[in-house]
Amino acid sequence: MVDVLDPQRDLFDVPDDVAYFNAASLSPMLHAVREAGEAALRRRGRPWTIREADWFTDVERLRSLLGALVGADAEGVALVPATSYGFAVAAGILAGDRPRQILVLADEYPSGVYTWRRMIERTGGGITTVTREPGQTWTDAVLAAIDERVDIVSVPNVHWTDGGLVDLDRVAARTRAAGARLVVDASQSLGVMPLDVAALRPDFVVSVGYKWLLGPFGRGYLWAAAEHRDGRPLEENWIVRADSHDFAGLVDYRDEYLPGARRYDQGARTLFELTPMAIAALEQIHAWTPARIAATLARITADVAGRVTAAGLGVTATEPRGPHLLGLRVPGGATDRAAAALRQAGCFVARRGDALRVSPHLHVTPADVDRLVTTLTAAV
């Protein structure tokens, strides 16, 4: 059993008159993250106080924090601006010199799908889109679709629309048995669901930083397995080359890169304004631990699901789902009316098709849940 956390509202910049259930789109901001950003802007406004070592120290602290979050060290972590960048690195390394068959989920988030489409334009091959039969879980659907013809399995831990769960342990085992590669989009799970790359053994993990990692826009992450850390990066920038800390010798051009996955870092990766914010966010996640975050949010989403179901509404994922995402099915074409009523009440969710996606974080209180359920049931 994992202890649940009390509401952490006082740590977040969320006013009392707002019930925010849309962390899966854009996380609420921690006071500590905002304060770190304000301090970083003040420092950036005084560039004469920034030392040469400062170009490296904070990013390595951030790299270590992210590595520890996935059960690894800093060596496999690259600092990227977005999932699309991370996917592009993975695609460039996995493309090879023959046609590739790639497996993705139906209605998957677009960034990965677009990357794989572009890859097969170059290499040939195709994309297999996994759909589910009625009553079938995403996990069983994916397992049934993996065979020796599949080269790359690209899946999330949870489906972004409603939290439908993909059992990564089982999928990873089947992927390896088929001789395929595994790419995980953890943007909707990393920071709230435990992930251990040493046990899972994926080839790549990508994630944005502004959702469940509670960080700023523009800072994302790529984890690469050891066998993929000597590939060609998307761009060639000075700071990822060997001895880049020696500013006086930068024109002594080096062919060698820094060790680990650092070669895949984006240009201008230091991001003096954003990196301290990302560090503050990951430090807080480590303090809470993903296991306790997951247990706490599971209790909240279960409460919402039970109460709206009792009121005659439905949930879109009755199968195993992530603890932090819940899709609500609104009957009778009342989605527009329900969404408008929630906004009017200061209650914020996301609309995904004809469903409403509820994604709380630790700022949510029982009063927020009451407002969500009462407003929604009254509207429909």
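In the predicted model, strand 7 (residues 204-208) pairs with strand 8 in the antiparallel sense, and 5 bridges connect the two. Within this pairing, Val206 lies opposite Leu222 of strand 8. Strand 7 also pairs with strand 6 (residues 181-185), here in the parallel sense and over 3 bridges. Asp185 stands opposite Val206 of strand 7. Val206 therefore has Leu222 of strand 8 as an opposite residue and Asp185 as another, as the side chains in a regular strand alternate between the two faces of the sheet. Strand 7 is mostly covered, with 5 of its 5 residues buried. Phe204, Val206 and Val208 point one way from the strand, whereas Val205 and Ser207 point the other way, and all are buried.

Strand 8 (residues 220-224) is joined to strand 2 by 4 bridges, and these two strands run antiparallel. Ala78 stands opposite Leu222 in strand 8.

Among the helices, helix 1 (residues 31-44) and helix 8 (residues 275-288) have axes that come within 8 Å and cross at roughly 155°. The two helices are therefore roughly antiparallel to each other. The crossing of helix 1 past helix 8 is right-handed. On the helix 1 side, the contact involves Ala32, Val33, Ala36, Gly37 and Ala40, which meet Pro276, Met277, Ala280 and Ala281 of helix 8. By residue class, this contact comprises 8 nonpolar residues, 1 polar residue and no charged residue.

Thr301 is located in helix 9 (residues 290-310). Its relative accessibility is 1%, so Thr301 counts as buried, the cut-off being under 20%. When residues up to four places away in sequence are not counted, Thr301 touches Arg321, Pro323, His324, Leu325, Leu326 and Pro360.

Conventions: Residues numbered from 1 in each chain as written. Predicted model: local features only at pLDDT ≥ 70, side-chain atom pairs only at ≥ 80, totals over all residues. Heavy atoms only, no water. Axes fitted to C-alpha atoms, helices over the stretch in contact; angles between N-to-C directions. Parallel < 35°, antiparallel > 145°, perpendicular 65-115°, else oblique. Left-handed = near helix turned anticlockwise from the far one by under 90°. Contact = heavy atoms within 4.5 Å. Nonpolar A, V, L, I, M, F, W, Y, C, P; charged D, E, K, R; others polar. Buried < 20%, exposed > 50% of the residue type's maximum accessible area, 1.4 Å probe, protein only. Pairing = 2+ DSSP bridges.
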